[in-house]
Amino acid sequence: KSYLTLSDGTSITNPQYLKQSLHKVRKASRDLSKKVRGSHNKERARLSYCRLQESLVHKRNDFQWKLAHELCRRYDYIFIEDLNLTGMIKLWGRKVTDLCHSEFISKLEYIAGKYGVIVHKIDRF
């Protein structure tokens with residue numbers, strides 16, 4: 001349910017952008033598959049579907065960049081537990097893939113380099 005839990009007990013909720021617009025994504029995909037191959041309507045439906053997917057990616061990226069900046073401003077040392085994401089995907093499926101955890105870690109490391117914050121990954125064992 002939470003995107004991130006900090007050591008002081010505060011948890012950051014998962015925005016679940018895919019879940020919010022899953023109905024729109026399914027409808028756009030269904031509309032795209034029903035169009036005749038090579039037609040202008042198919043191209044229009046493809047562009048509509050691509051715009052919808054792109055807006056999801058932009059929302060997720062915006063949330064992750066803002067969160068990375070906030071964490072780096074607040075803390076000098078950030079320790080991250082290395083998670084078994086493949087096992088989590090088997091349990092929770094689409095919710096875990098919507099997190100894009102590895103992208104967030106890379107963004108956090110990039111921002112931490114600018115702020116002079118130390119990011120260290122801790123092994124799960």
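**Helices and their packing in a predicted model**

The axes of helix α2 (residues 22-34) and helix α3 (residues 40-74) come within 9 Å and cross at roughly 160°. Two packed helices are described by the angle between their axes and the distance between the axes. Angles over 145 degrees count as roughly antiparallel, and α2 and α3 are therefore roughly antiparallel to each other. The crossing by which α2 passes α3 is left-handed. On the side of α2, the contact is made by K24, V25, A28, S29 and L32. On the side of α3, the residues that make the contact are K42, A45, R46, Y49, L52, Q53 and L56.

Helix α2 may now be considered by itself. Which residues of α2 are buried? They are L22, V25, A28 and L32. Seen down the axis of α2, these buried residues fall within an arc of 130°, so they line one face of the helix. An α-helix has 3.6 residues a turn, so residues three or four places apart point the same way. The cover over the buried residues of α2 includes α1, α3 and α5 (94-99). H23 and K34, on the other side of α2, are exposed.

The buried residues of α3 are A45, L52, L56, R60, F63, Q64, L67, A68, L71 and C72. Of these, A45, L52 and L56 take part in the contact with α2. R60, which lies in helix α3, has a relative accessible area of 12% and is therefore buried. Leaving aside residues up to four places away in sequence, R60 touches Y17, L18, D98, L99 and C100. R74 also has its place in helix α3, but R74 is partly exposed, with a relative accessible area of 44%. Between the C-alpha atoms of R74 and I111 there are 13 Å in space, although the two residues are 37 residues apart in sequence.

Y17 is found in helix α1 and is buried, with a relative accessible area of 18%. Its contacts, not counting residues up to four places away in sequence, are L56, K59, R60, F63 and D98. Y17 and S55 are 38 residues apart in sequence, while their C-alpha atoms are 9.6 Å apart in space. Q16 is found in the loop between β2 (11-13) and α1 (17-20). This residue is buried as well, with a relative accessible area of 16%. Most residues other than glycine have a negative phi. Q16, however, has a positive phi of about 50° although it is not a glycine.

The final helix to be examined is α6. Helix α6 (residues 101-115) has 15 residues and reaches 21 Å from its first C-alpha to its last, close to the 21 Å expected at 1.5 Å a residue. Where do the buried residues of α6 lie when seen down its axis? They fall within an arc of 165°, so they line one face of the helix. The residues concerned are H101, F104, I105, K107, L108, I111 and A112. On the other side of α6, S102, G113 and K114 are exposed. H101, placed in helix α6, counts as buried because its relative accessibility is 18% and buried means under 20%. H101 touches I80, L83 and L85, not counting residues up to four places away in sequence. Just after α6, G116 takes a positive phi of about 80°.

Helix α6 also packs with α3. The axes of α3 and α6 come within 9 Å and cross at roughly 40°, and the two helices are therefore oblique to each other. Their crossing is right-handed, whereas α2 passes α3 in a left-handed crossing. From α3, the residues that meet α6 are N61, Q64, W65, L67, A68, H69, L71, C72 and R73. Their partners in α6 are E103, F104, K107, L108, Y110, I111, A112 and Y115.

How values were computed. Residues are numbered from 1 along each chain as its sequence is written. This is a predicted model: local features need pLDDT of at least 70, side-chain atom pairs count only at pLDDT 80 or more; totals for chains, interfaces and linings use all residues. Side-chain values use heavy atoms; hydrogens and water are left out. Helices (H or I, at least four residues) and strands (E, at least two) are DSSP runs, numbered from the N terminus. The expected span of a helix is 1.5 Å times one less than its number of residues. Buried means under 20% relative accessible area, exposed over 50%, partly exposed in between (1.4 Å probe, protein chains only). The arc is that of the directions from the helix axis to the C-beta atoms. Axes are lines fitted to C-alpha atoms, for helices over the stretch in contact, and angles run from 0 to 180 degrees between N-to-C directions. Angles under 35 degrees count as roughly parallel, over 145 as roughly antiparallel, 65 to 115 as roughly perpendicular and the rest as oblique. A crossing is left-handed if the near helix is turned anticlockwise from the far one by less than a right angle, and right-handed if clockwise. Contact means heavy atoms within 4.5 Å.
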